[in-house]
Amino acid sequence: MQVIQVKCPKCGNPIYSKQKDTVFYCTTCGTMHIRNGGVQVLDVEIGDFNKNAPQDRVYVPFWRMYSTVVINNVRSEGGGFQKLTSWFREGDNSGNLFIWVPASEMEIERFKNMAMDFTLNPPPYNTRMDFGTVPRLPTVMRQEEAKEMADFVVVTIEAEKPGVLQYLDYTLTVHDAKLIYLPFVSTQQGLVPAF
Amino acid sequence: MGIEVGLNCPACSGAIKVVEGETTVNCQYCGSMLFVEGDAGVTTISFKNMITRETAVISSASWWKKGFKARDLKRVGQVTECYPIYIPFWSTTTRVAGWICGYEERTHSDGKRTYTERIPKEELILRDYRFSEIACDPGDLGIRKMRNIDGETALTDFQTIPTFESTTSKDDAFAHAKESAMANARSDAHVPHITFENVHVFPESMSMVYYPIWVVRYTYRDRMYLNTVDGVTGSVLSGRAPGDPLFQSLAVTAGTSIGGLLGATGIIVASSSGEVAIGCFVVGLIIMVGTYLFFRGGSEITEGDFSDRGFKLGDLKNVASQLTQGRVGGNNWGDI
């Protein structure tokens, strides 16, 4: 076992932090990286807060994966349209979409709802260069896990439509994964989007 | 709480504690983010032993009185040994996310004809499953899984009480955790005929939990028996105890009589009501099989995860469940 000081792979400055996180953020140059069998610099976006957002602000990390879905065969009882194929151009059985997967620890039902909501209705947000003084939730989901979760989100979109899903033959290709920090505010009802 | 390894911060040389199994740590002196390279190891937790020898013996004596054990066990049984040991368990939580789709068949009868209804089902599985399995050869202790996960952790007892060595691998435990989570997910989905399944299993980091167990050895009429007591809750976890010949005799007499009577009732009512007749036969058969099991294994009562078989009340439930599966799952006595 060897303990090393984490340094930014881009500018070489040591990274200081008071909270444990699997993603390391360099406050000097803004680079974020992970160490999972090797150093990997992450492609990151930071969303800007709505000007009217209250003060209890926090950034929540999401994996946003640009993906191609090909639906080969769908069978369901009780009819209903296929949600995914309805997105594709008429007559097509494939299309591209951004799949969103929460990357921080959260209650399981909330996790599913956020993944579904953001994938079906991509959140509009402006970007900024840094976090400012706003804290961020630690990232606990690894990129590989997020890709598996993307698969779950695709099936959930098809299953949570009118009718009862009986069979789904599809392929999912994740082209890239980007870590997006979205602005939220803490309320008594939990975290609420603030972009 | 995990075992902490004392090291020095490579930036300021301040003393830091790295919890075994974790890969990041913050230096409390200079605030540097530190990363643990190499074998991340396994988080190790030990539960504090909360009971005394006297409590273990009292708990065992109370267990002797329960069930179909020898009626004079409480009076004749003599504790010869009672000592604590720590047993290692692999422990993890697996998150399961996926869908299981298919259908369930229900057969209905209106007296004249039967028809089968197919009910399509799609079930979302999104939950965490806890998994544990013993990490050593438990011998004849009858313990395979950790029953309790709540308790105070400590390191002091861990060094003073004898400990079983871990003999199984973390990779095997991970594989078993995944298999167990998949099996649990399928069971919870209640989809008898699966046409489509897409389930992902995400195990969290594996922990090694050392759990205190009291081993109580005792004699009954020159024969040796053993039971174990949970060192945290004080309840009996497993054990062997002598059965009672009187209970066996009574069971055979009553079981064969009632089973026979139900069978005869079935024959009598067969011409007027087929369903009642089949019901009588099935219940009679359950009672007869249960009687046989009790007679065969009733000379020794076992509780816990033993590979050989003494008599367990769970046996009766299993027989009843298997015999009535057609009724419960598909309302179809004809399959029995």
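About 40 Å³ of space lies in the largest cavity. A cavity here is a set of points, on a 1 Å grid over the protein atoms alone, where a 1.4 Å probe fits but cannot get out. The model is predicted: local features need pLDDT of at least 70, side-chain atom pairs count only at pLDDT 80 or more, and totals for chains, interfaces and linings use all residues. Residues are numbered from 1 along each chain as its sequence is written, chains are lettered from A in the order in which they are written, and side-chain values use heavy atoms, without hydrogens and water.

**Cavity**
- The structure holds 1 cavity of 30 Å³ or more; a volume is the space filled by probe spheres set on the grid points, which are joined across faces, edges and corners.
- Residues lining the largest cavity include F89(B), I143(B), K145(B), Y211(B), D230(B) and L237(B); a lining residue has an atom within 4 Å of a point.

- Strands are DSSP runs of E, at least two residues, and helices are runs of H or I, at least four, numbered from the N terminus.
- Strand β9(B), residues 207-220, runs antiparallel to β10(B), with 8 bridges joining them; strands pair if DSSP finds at least two bridges between them.
- Y218(B) stands opposite Y225(B) in β10(B).
- The β9(B)-β10(B) hairpin has 2 residues between the strands, and R221(B) takes a positive phi near 50°.
- On to β11(B), residues 236-242: 3 bridges join this strand to β10(B), again antiparallel.
- N227(B) has G239(B) in β11(B) as its bridge partner.
- This second hairpin has 5 residues between its strands, and G234(B) in the turn has a positive phi of about 85°.

**R95(B)**
- R95(B) lies in strand β6(B), residues 78-109.
- R95(B) counts as buried because its relative accessibility is 16%.
- Its side chain makes a polar contact of 2.9 Å with that of D128(B); such a contact is a pair of N or O atoms within 3.5 Å, one able to donate a hydrogen and the other to accept it.
- Beyond neighbours within four places in sequence, R95(B) is in contact with residues including E105(A), M106(A), I108(A) and H200(B); contact means heavy atoms within 4.5 Å.

**Helix α3 of chain A**
- Helix α3(A) is largely enclosed by the rest of the structure, because 14 of its 17 residues are buried.
- At 1.5 Å a residue, residues 143-159 should span 24 Å, and the end C-alpha atoms are 24 Å apart, which agrees; the expected span is 1.5 Å times one less than the number of residues.

Conventions: Buried means under 20% relative accessible area, exposed over 50%, partly exposed in between (1.4 Å probe, protein chains only). On a 1 Å grid over the protein atoms alone, a cavity is a set of points where a 1.4 Å probe fits but cannot get out, and a pocket is an open set with protein on both sides within 12 Å along at least five of seven lines; lining residues have an atom within 4 Å of a point.
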